[in-house]
Amino acid sequence: MKLATLSLALALALIANPIYAENGTAAETTIGHGGETPTVTNKAIEEKADVVIVGGGGAGLSAALAAAQNGLSVIVVEKNDFLGGDTFISNGCFNAVDPEGQAGMEMTDTQLKIIKSILEEKPRSELQAKLIETLKEQFEAYQKAGYKGLFDSPELHALQSWKAGDYKGNLELVYQLATYAPEMRKILASLGIKWTEPPTEVVGALYPRSHQDVNFESGKRYANALLGEIKAKKYPVTFMLSTKAEDLIDEGGRIVGVNAKGPEGKQYVLLGSKGVVLTSGGFGANVEMRTHYDTVWGHKLDETIKTTNLPSNTGDGIKMAEKAGAQLQDMGYIQLLSTADPVTGSTNNKIMESTNIYVNKLGNRFVNALEKNKSDLAKAVLAQPDHLLFVIGTDRSLIKDKDGRTPYGFLVEDLVQQHRAYKANSLEELASQLGMNPDNLKITVEKWNKFCETQKGDEFGRTSCDEENILSSPPFYASPMSPAVNYTMGGVLINKEAQVLSTSGKPIPGLYAAGEVTGGIHGAYRVICNGVPDALVYGRIAGQSVAKEK
């Protein structure tokens with residue numbers, strides 16, 4: 001990716017109030033009472049705290065808050081000149097069981113079939129058998145009580161997620177995620193997050209347990225909420241921005257800190273008496289690592305495939321941990337998002353729900369947009385000319401507020417003027433703007449509308465179509481989209497306490513990890529809306545666990 005493109009992507013991602021620590025881009029920034037007077041040792045500046053956290057994204061901020069709440073002083077070293085990481089630029093959808101929010105929702109036949117299929121599975125492990133038995137008891141009690149609301153439980157969430165990951169993940173970790181996610185949702189609410197109610201089922205999330213902040217700025221608001229609590233309580237947390245961790249410091253088999261490089265090449269030795277927490281994200285922006293490890297996409301994830309991640313997601317923590325003897329897990333599983341900006345890889349050109357009709361450059365449909373397996377959907381898009389799809393809709397399907405702004409804060413009309421979206425008064429005009437065969441597009445739309453009206457006979461196996469998806473009257477809109485690397489499921493292997501495990505399977509003393517830097521949780525596929533709760537839940541667990549370190 002060219003530097004100009006990277007700068008554009010970053011500028012677009014951070015256009016609405018990026019979150020900085022105090023004093024903005026200063027390399028050494030203290031919030032609260034954190035940080036001791038630095039000392040110079042062999043030209044390197046030495047700083048000490050109870051724990052050093054590598055990465056200031058959602059997992060890092062969650063870990064920092066938890067560690068500080070448990071009485072630790074913290075140094076957070078962040079490669080970027082801002083905080084929030086990929087959590088900040090995500091849509092922030094958050095899967096969690098929510099009995100109160102789900103009480104007003106009725107069970108559908110499809111949801112009943114989902115539960116039945118889970119209950120009928122032949123157990124592959126002792127834990128799966130135990131969870132299935134618990135789920136069976138829960139569901140029988142639900143039916144006996146004559147309850148009318150939507151049935152859900154952490155056991156169902158865990159079993160669904162594990163199955164979606166092709167049973168490759170660690171079910172124990174998946175179950176802990178599903179169990180702790182509701183608690184994390186309540187913690188965020190206590191920090192000021194206002195959740196939309198009832199929860200929804202985001203495409204690819206498998207069940208109606210997806211939550212978002214009411215202001216459509218979920219990821220940014222989570223990061224701001226965690227940072228705001230640190231600042232408000234004056235916790236001893238020091239943020240070092242524009243500073244890259246380069247190596248873990250191993251002292252007699254125990255991780256005691258990191259070597260880091262700040263602005264202008266300034267060297268730091270950052271020591272944590274309790275240990276180090278890696279929360280540095282995945283490797284979605286590292287083309288070399290993508291092509292080397294990939295086992296899903298035929299090693300074709302080269303520089304022509306963009307990423308929705310920040311450019312800083314280059315697998316630094318994974319490489320440091322591997323060098324220190326950490327075991328890596330599931331590195332070949334890389335997830336693509338089909339609906340990203342073809343130029344930048346970002347998701348902020350979105351103006352319509354992804355449930356609308358998808359067509360290729362020829363004006364033809366080629367896939368069911370509601371395909372449950374997002375990898376199959378991405379493969380279908382990659383098989384199209386120029387890896388392009390166009391989401392087509394009308395005014396009724398636009399996602400905008402009363403001022404005409406999208407969830408990312410952009411005016412729809414501005415995106416049209418920038419040719420990041422298209423608008424036309426007829427299908428012929430729209431086809432002309434997109435360089436598409438107008439006859440093909442008209443025939444495609446006629447078939448689509450007929451399916452939407454009858455809800456039957458879709459040639460690509462789609463089973464439903466909402467009224468706002470019908471393309472009945474102008475103006476018509478189109479969003480060009482292309483697959484981009486969205487999530488890397490592989491990383492360092494951890495246990496339930498977020499301790500990093502060595503190649504022998506034993507915890508590496510003093511080393512913890514959380515978020516996308518870890519592997520073994522999602523398996524072959526990360527269920528949509530499981531990523532953010534994973535980062536925040538395991539970040540919190542890591543912060544609590546390191547506080548117990550002797």
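**Helix 11**

I began with helix 11 (residues 316-323), whose buried residues pack against strand 3 (44-54), strand 8 (244-251), strand 10 (267-278), helix 10 (287-293), strand 11 (328-329) and strand 17 (491-493). Contact here means heavy atoms within 4.5 Å. Helices (H or I, at least four residues) and strands (E, at least two) are DSSP runs, numbered from the N terminus. I noted that this is a predicted model, where local features need pLDDT of at least 70, side-chain atom pairs count only at pLDDT 80 or more, and totals for chains, interfaces and linings use all residues. Residues are numbered from 1 along each chain as its sequence is written, and side-chain values use heavy atoms, with hydrogens and water left out.

Which residues of helix 11 are buried? I found D316, G317, I318, M320 and A321, with buried meaning under 20% relative accessible area (1.4 Å probe, protein chains only). Just after helix 11, I saw G325 take a positive phi of about 100°.

**Cores**

I then looked up L278. Leaving out residues up to four places away in sequence, L278 touches V54, L248, G317, M320, A321, L511, Y512, A513, A514 and V517. L278 is also among the residues with the most contacts inside the largest nonpolar core, as are F94, V237, F239, L270, V276 and Y538. That core has 84 residues, and helix 16 (residues 531-547) gives the largest share, 9 residues. A nonpolar core is a set of buried Ala, Val, Leu, Ile, Met, Phe, Trp, Tyr and Cys residues joined through side-chain atoms within 4.5 Å. I also found a second, separate core of 22 residues, including A424, C465, I470 and A478.

**Helix pairs**

How do helix 2 (residues 58-69) and helix 9 (residues 218-232) cross? Their axes (lines fitted to C-alpha atoms over the stretch in contact, with angles from 0 to 180 degrees between N-to-C directions) come within 9 Å and cross at roughly 25°. The two are therefore roughly parallel, a word used for angles under 35 degrees. I listed G58, L61, S62, A64 and L65 of helix 2 and A223, L226, E229 and I230 of helix 9 as making the contact.

My last pair was helix 14 (residues 427-434) and helix 15 (residues 438-454), with axes coming within 9 Å and crossing at roughly 130°. I saw L427, E428 and A431 in helix 14 meet P438, L441, K442 and V445 in helix 15.

Methods. Buried means under 20% relative accessible area, exposed over 50%, partly exposed in between (1.4 Å probe, protein chains only). Angles under 35 degrees count as roughly parallel, over 145 as roughly antiparallel, 65 to 115 as roughly perpendicular and the rest as oblique.
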